[in-house]
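Take a walk through this predicted model, one region at a time. Keep the viewer open as you read.

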Amino acid sequence: MKLTVNLDKNSYPIYIENGILAKAGKYISHCFKGKKIMVVSDDRVFPLYGNILLRSLHGYECHSIALPHGEPTKSFQTLPKIYEAMLSAKISRSDLVIALGGGVIGDLAGFAAASFLRGVRLVQIPTSLLAQVDSSVGGKVAVDLPQGKNLVGAFYHPESVLIDPDVLDTLPPHFISDGMGEVIKYGCIRDRALFDRLCSHSSFEDLKPALTEVIARCVDIKRSVVEADQFDTGERMLLNFGHTLAHTIEQYYHYERESHGEAVGIGMYQITKIAEEKGLTAPGCAEKIKKTLEIYGLPSSCGLPMSSLKDAITLDKKNLNGHLNVVLLKDIGDSYVYPTDADFFPECVC
């Protein structure tokens, strides 16, 4: 299956196909006519899939770097290691960086590609469910600061995105649940039929035969939103449903407790519950979200008092001139941006 993100000169194809990793070289040759490739991956993904990718890239001069896995790697301290590897390989602006990994590698390698020599071409090959349905599409690349997630970044679109659902077979259950947080988000913000489809299954294993279709639908939703708002100033904010709380929860626990998808699940349920109490969301939505989170093994609370999160909320990228834009649901499948401030969040336990 092929989808195209139509952004004029920044347009690029997204290919979704079982087994595409072993044929990656053929697809990359459509968008890259150079000779040298730097593969950026991590120490979990590269041992599993690095050689499969490299074998498909015969004819290219390939170099690689495998970084420690996990969110702490997505920092300024890691960037020099990537730059040094690129310098050692004599990577030029006519060469290519391939990000082979989950969201951390996609964001980090993407930022390195965007900033090295003011821009080296990039291909995303996401290997986690979260990265396949969300972070690999849309051109957002970033690193974290101690004060918050993704606070330094850029918009830098790839030449192509290759999505192979087969690689998800080696993901631990924890990472499947993590990705399902973002999948549920897409149903909440834009597609009631997708949400109902997710609700109709009893577990991820039960959903698995339909997974390629579900991934494609999520990617298609993100594609349409990105096309309408390339630089995140309007409609694209809808993709942040649940994220205002999620990022602060992740940061509070130094990215060591709730994963991103788990934190998004908590954020979606908690903000919808607050919005229902304020009459801003149709009654019953929060409970529907909670039941769907339970099906896919995701939490709906973290036990933190909201007061512990408010400082981080005020540093959120969506907080502009003291005004905070939060994403709420009118109903399942129908979302909107609600301008408010940090006082939107009551004194309660999240």
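Is Leu-21 buried or exposed? Leu-21 is buried, because its relative accessible area is 4%, and the cut-off for buried is under 20%. The residue sits in a loop, between strand 2 (12-16) and helix 1 (24-31). Its contacts, leaving aside neighbours within four places in sequence, are Tyr-49, Ile-52, Leu-53, Ser-56, Leu-100, Ile-125, Asp-164 and Val-167. Leu-21 and Arg-55 are 34 residues apart in sequence, and their C-alpha atoms are 10.0 Å apart in space.

Go next to helix 4, residues 103-115. Helix 4 has 13 residues. From its first C-alpha to its last it reaches 18 Å, close to the 18 Å expected at 1.5 Å a residue. Helix 4 is mostly covered, with 11 of its 13 residues buried. Among them are Val-104, Ile-105, Leu-108 and Phe-111. Charged Asp-107 is buried in this helix too. So are Gly-106 and Gly-110, along with Ala-109, Ala-112, Ala-113 and Ala-114. After helix 4 comes Leu-117, whose phi is positive, near 55°.

Strand 6 (121-126) and strand 7 (140-145) each supply at least two of the lining residues.

Lys-222 is found in helix 9, residues 211-228. Is this lysine, Lys-222, buried or exposed? Lys-222 is buried, because its relative accessible area is 6%, against a cut-off of under 20%.

Finish at a hairpin. Strand 11 (residues 323-331) and strand 12 (residues 334-340) pair in the antiparallel sense over 7 bridges. Leu-329 stands opposite Ser-335 in strand 12. Between the two strands lie 2 residues. Gly-333, in the turn, has a positive phi of about 90°.

Notes. Residues numbered from 1 in each chain as written. Predicted model: local features only at pLDDT ≥ 70, side-chain atom pairs only at ≥ 80, totals over all residues. Heavy atoms only, no water. Helix = DSSP H or I, 4+ residues; strand = E, 2+ residues; numbered from the N terminus. Expected span 1.5 Å × (residues − 1). Buried < 20%, exposed > 50% of the residue type's maximum accessible area, 1.4 Å probe, protein only. Pairing = 2+ DSSP bridges. Contact = heavy atoms within 4.5 Å.
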